[in-house]
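Visitor: Hello! I am new to this structure and would like to learn how to read it. Could you walk me through some features?

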Amino acid sequence: AAHHPLWTAGCRWLGRDPESGASDGGGPHRADPRRYGFHATLKPPFALREGLSRAQLLAALSHFVDERAPFAMPALHVATLGDFLALRPVEAGAAAPGLPLRDLADDCVRLFDEFRRPASAGETARRLAADLGEAARENVARWGYAHVFEQWRFHMTLSDSLPRDARGDPLREELLDAARREFAPALARPLRCDGVALFVEDAPGADFRLVRRFDFARGAASVHGRLA
């Protein structure tokens, strides 16, 4: 949520607030996540299918959140994922099938796929060129993206790729230490998932903008739905 210290810490770490547009440049080795803005992907980026509009997508999102209730987020910590830094659940099974966080991601991929323009042959070939297992390749063919459903891993990206070197990875360790210090106060606070947000890339290569938040409407924690 915009009022939570984690949002403030994330935007400060990356050097840009994708909602307000405020930017101070940020630190080094964060160019990619700075462009994307502080977030955790639920439905991977897609272009709108021909014949559908952003207004229709916004209406579908409003209906989607009316049917959902807030839930407690698993504890997060600064960790590595592949060759980059990210906020990840402390417990490995925190986003397992049947748990609220995984159900939310799966539902977003499935229910909003009608708005996704099918990938071109070139885009599909590019995604399949990566070193993927069979399940991930099937996801690319069906959903346009490898890392969904069983292949999805909750994360909030904090750095660019940081290739290992022969000196024991001092850059990665330095960034890990800095990120842990930066995020420790915010991660000590209780965290709930109480909505989703729509991010938009206005042109290829442009910064992603948070154009609207959608609050979950069901449950005692949020009786009335509203658009943030």
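Guide: Gladly! Let us begin with a pair of residues: Ala 79 stands opposite Ala 86 in β3. Please keep in mind that this is a predicted model.

Visitor: Which strands do the bridges join here, and how many bridges are there?

Guide: Six bridges connect β2 with β3, and the two strands run antiparallel.

Visitor: What should I look for in the hairpin of β2 and β3?

Guide: Look at the two residues between the strands, where Gly 82 has a positive phi near 65°. Gly 82 sits in the loop between β2 and β3.

Visitor: Is Gly 82 buried or exposed?

Guide: Gly 82 is exposed, and its relative accessible area is 64%. As a guide for reading such values, exposed means over 50% and buried means under 20%.

Visitor: Where are His 29 and Phe 149 placed?

Guide: His 29 belongs to the loop between α1 and α2, while Phe 149 lies in the loop between α6 (134-143) and β4. His 29 is partly exposed, at 34% relative accessible area. Phe 149 counts as buried, with a relative accessibility of 9%.

Visitor: Now to helices. Why do residues three or four places apart point the same way?

Guide: An α-helix has 3.6 residues a turn, so residues with that spacing point the same way. For a case here, turn to helix α1, residues 5-14. Seven of its 10 residues are buried, so α1 is largely enclosed by the rest of the structure.

Visitor: Which residues of α1 are buried?

Guide: They are Leu 6, Trp 7, Ala 9, Gly 10, Cys 11, Trp 13 and Leu 14. These buried residues pack against several elements, including α2 (31-36), β2 (76-81), β3 (84-89) and α7 (170-187). After α1 comes Gly 15, with a positive phi near 85°.

Visitor: How many helices and strands does the protein chain have?

Guide: The protein chain has seven helices and seven strands. Along the sequence they follow the pattern α-α-α-β-β-β-α-α-α-β-α-β-β-β. The radius of gyration is 18 Å, close to the 17 Å from the globule rule for 228 residues, so the chain is as compact as a globular protein of that length.

Visitor: What else describes the whole chain?

Guide: Buried residues are 39% of the 228 residues. Of the contacts with a separation of 6 or more, 66% are between residues 24 or more positions apart. The chain exposes about 12,400 Å², with carbon and sulfur atoms supplying 52% of that area. Finally, there are 31 positive and 31 negative side chains, and the centres of the two sets are 2 Å apart.

Terms used
Residues are numbered from 1 along each chain as its sequence is written. This is a predicted model: local features need pLDDT of at least 70, side-chain atom pairs count only at pLDDT 80 or more; totals for chains, interfaces and linings use all residues. Side-chain values use heavy atoms; hydrogens and water are left out. Helices (H or I, at least four residues) and strands (E, at least two) are DSSP runs, numbered from the N terminus. The radius of gyration is taken over C-alpha atoms; the globule rule is 2.2 Å times the number of residues to the power 0.38. Buried means under 20% relative accessible area, exposed over 50%, partly exposed in between (1.4 Å probe, protein chains only). Contact means heavy atoms within 4.5 Å. Accessible areas come from the Shrake-Rupley method with a 1.4 Å probe; for residues, only the protein chains shown count as cover. Lys and Arg count as positive and Asp and Glu as negative; His and the chain ends are not counted. The place of a charge is taken as NZ of Lys, CZ of Arg, CG of Asp or CD of Glu. Two strands pair if DSSP finds at least two bridges between them.
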